[in-house]
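Colleague: Could you walk me through a few spots in this one? I'd like to start with the side-chain contacts.

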Amino acid sequence: MLNIALPKGRLGEKVYALFAKAGYPCPEILSASRKLIFENPEKGVRYFQVKPSDVGIYVERGAADIGVVGRDVLMESEPAVYELLDLGLGKCRMAVAAPEHFRDDASKTLRVATKFPRVAQRYYASLGRDIDIIQLNGSIEIAPILGLSDVIVDIVETGTTLRENHLTAREEVFPISARLIANRSAYQFKKDEITRLTEALAGEAAV
Ligand code: PRP
């Protein structure tokens, strides 16, 4: 049996649809219940639905053999896992954004609001820029509007949230999409099952 950690929510639904198309269905997962674990013994899969930011922990510690997680989460938490495949789903980007009128003064410490402190820290370190990180858990776009920060480092998908809050994207930090990851020892012990599943997904993936 392969234990698979899927991210809860919108991305999870798309990811499950891809697994089903690749020959690993488990229709019960679509029922509107509060259940979090679903099995299809015939296909040898057990799905768990967990918070997107927790997928890496389940896989790194072996509670899940494989999982699907956004590149944003991988870059922030850097779990010790193998990255097997770009699924081409959940495409968006990590970007620096600021109010339309903001002009950067490179001689001043830049105040950066973000849910991704390590990503932001690394990005500005690579530019040699001094920053002050303001770590928030959501609605990041509000921070520069209220003067809590100068800029934000956040995910931009359609750009609607930025537009509606009079912010503009200034720099792209990296592109994001969903990645298939594997626990390092499961990848040795369950190599055949994991390889079969990876190949089936690669055949259906939108990359
Ligand atoms: C994410 C992200 C942006 C928004 C971008 O927030 O942090 O706020 O989506 O999407 P858009 O470019 O299509 O508008 P999320 O919905 O996860 O909520 P959050 O505010 O709790 O982070």
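Colleague: Which side chain does the side chain of Ser177 make a polar contact with?

Modeller: In this predicted model, the side chain of Ser177 makes a polar contact with that of Asp86 at 2.8 Å, and another of 3.2 Å joins it to the side chain of Arg179. A polar contact is a pair of N or O atoms within 3.5 Å, where one must be able to donate a hydrogen and the other to accept it, and residues adjacent in sequence count only if both atoms are side-chain atoms. Local features need pLDDT of at least 70 and side-chain atom pairs 80 or more, while totals for chains, interfaces and linings use all residues. Residues are numbered from 1 along each chain as its sequence is written, and side-chain values use heavy atoms, without hydrogens and water.

Colleague: Is Ser177 buried or exposed?

Modeller: Ser177 is buried, because its relative accessible area is 4% (buried means under 20%, exposed over 50%, partly exposed in between, with a 1.4 Å probe and protein chains only).

Colleague: Switching to α4, which residues are buried there?

Modeller: In α4, residues 117-127, the buried ones are Pro117, Val119, Ala120, Tyr123 and Tyr124. They lie on the same side of α4, because they cover an arc of only 160° around the axis, taken from the directions from the helix axis to the C-beta atoms. Helices here are DSSP runs of H or I with at least four residues, and strands are E runs of at least two, numbered from the N terminus.

Colleague: And what is exposed on the other side?

Modeller: Ala125 and Ser126 are exposed there, and just after α4, Gly128 takes a positive phi of about 70°.
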